[in-house]
Amino acid sequence: MLCCALWGSAFPFIKIGCGLFEIGSEDYSSQILFAGIRFTLAGALVIISGSLISKKFLYPKRKNIKLVCTLSLFQTILQYLFFYIGLAHTTGTKGSIINSTSVFFAVLISCLLLKQEKLNLQKAAGCIIGFAGTVIINLSGTQFERSFSFLGEGFILLSSMAYAVSSVLIKSYSQQENTVVLSGYQFIFGGLTMIITGIFLGGKIPAGSIKGILLLIYLAFLSAAAYTLWGILLKHNDVSRVAVFGFMTPIFGCIFSSLFLGETLAGSGIKTILALILVSAGIIIVNIKRKGDKYD
């Protein structure tokens, strides 16, 4: 829940940050550059703090550099490149709902492709109920358009798949390499790649105010803290048990956007409460310990 709250707070603070750094809503190259700086800084925070705690400088084993690059490709580079382009060609509502499908993809990949756990009715029901809550919190009284654009909804879907793959990969890779090392260096590699991409596309970041710099540091911190903790959770638990909490991220996003941006929550207060009930029910259903389960 802490990880989801941190990720949810990113929605309004990214908007505020873009305003403080004078990045327009249509300036996607500068947004990618901004994200690259954020993730590179996040990686540095992870490695520095991890090294101080361990009392030694942390770095990946030579044989595991390929794991770091592969994880970064899905977790940071592909996920956010697809996300930024996709969000530019669809509505925020449709983007939020489609982005929540990453939970389904993570569970399916873990259960059906990599055989890390078994898929059962309990997990399927919990995911469907939780997803229903995400849909409710994002739908207002207006009609939900049924149009589909590959550059819009299609890219958001690809972003969700990339994130799901990264969730499964970090569970597997964390058995071979320190989770903190994986988290930190994949951020650095992905962040630098996005910085180069943003500059190549013509992105520019003007000098920011003290407030803007502090906000950028917070965005880096939330990425560093949330993803590192998430990786540790995935290392010690089934993907389905952890991934289902992801349905809380858009709900936290709506709540924080209402608090910090003055945006009206999608739908009435009753819809918000119903969404919370459904998401909570989905999380509980997936995590109920059945006879024979060996949960940590």
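This is a predicted model: local features need pLDDT of at least 70, side-chain atom pairs count only at pLDDT 80 or more; totals for chains, interfaces and linings use all residues.
Are tryptophan 7 and tryptophan 230 buried or exposed? I started here, and tryptophan 7 turns out to be buried, as is tryptophan 230.

**Overall make-up**

I looked up the secondary structure and found 12 helices and zero strands in the protein. Read from the N terminus, the elements go α-α-α-α-α-α-α-α-α-α-α-α. Of the 296 residues in the protein, 49% are buried. I also checked how far along the chain the contacts reach: of those between residues at least 6 apart in sequence, 88% join residues at least 24 apart. For the accessible surface I got about 14300 Å², with 70% of that belonging to carbon and sulfur atoms.

**Aromatic pairs**

I then went through the ring pairs, and the count comes to 13 aromatic pairs. Back to my two tryptophans: the ring centres of tryptophan 7 and tryptophan 230 are 5.0 Å apart and the planes sit at 70°, so I logged the pair as edge-to-face. Edge-to-face needs planes over 60 degrees apart. Tryptophan 7 is in helix α1 (residues 2–20) and tryptophan 230 in helix α9 (residues 210–236), so this pair links distant parts of the chain, 223 residues apart.

Next I looked at phenylalanine 13 and tyrosine 218, another edge-to-face aromatic pair, with 5.3 Å centre to centre and 70° between the planes. Phenylalanine 13 belongs to helix α1 and tyrosine 218 to helix α9, so this pair ties together parts 205 residues apart in sequence. Tyrosine 218 has 27%, so I put it down as partly exposed. Both belong to one aromatic cluster, made up of Phe13, Tyr218, Phe221, Phe252, Phe256 and Phe260.

**Threonine 249**

Which residues does threonine 249 touch, leaving out those up to four places away in sequence? I found Cys4, Trp7, Gly8 and Phe11. Threonine 249 itself lies in helix α11 (residues 248–261). Its relative accessibility is 12%, and the cut-off for buried is under 20%, so threonine 249 counts as buried.

**Helix α5**

I checked the length of helix α5 (residues 102–113), which has 12 residues. From first C-alpha to last it reaches 15 Å, close to the 16 Å expected at 1.5 Å a residue. Its buried residues are Ser102, Val103, Ala106, Val107, Ile109, Ser110 and Cys111. After α5 comes lysine 115, and its phi is positive, near 55°.

**Other positive phi values**

Where does glutamate 22 sit? I placed it in the loop between α1 and α2 (28–54). Glutamate 22 is not a glycine, yet its phi is positive, about 55°. Its relative accessible area is 66%, so I noted glutamate 22 as exposed.

Lysine 55 was my last stop, in the loop between α2 and α3 (65–87). Its phi is near 60°, again a positive value in a residue other than glycine. With a relative accessible area of 77%, lysine 55 is exposed.

Technical notes:
Residues are numbered from 1 along each chain as its sequence is written. Side-chain values use heavy atoms; hydrogens and water are left out. Helices (H or I, at least four residues) and strands (E, at least two) are DSSP runs, numbered from the N terminus. Buried means under 20% relative accessible area, exposed over 50%, partly exposed in between (1.4 Å probe, protein chains only). Contact means heavy atoms within 4.5 Å. The expected span of a helix is 1.5 Å times one less than its number of residues. Rings of Phe, Tyr and Trp (its six-membered ring) pair if their centres lie within 6.5 Å; planes under 30 degrees apart count as stacked, over 60 as edge-to-face and the rest as tilted. Accessible areas come from the Shrake-Rupley method with a 1.4 Å probe; for residues, only the protein chains shown count as cover.
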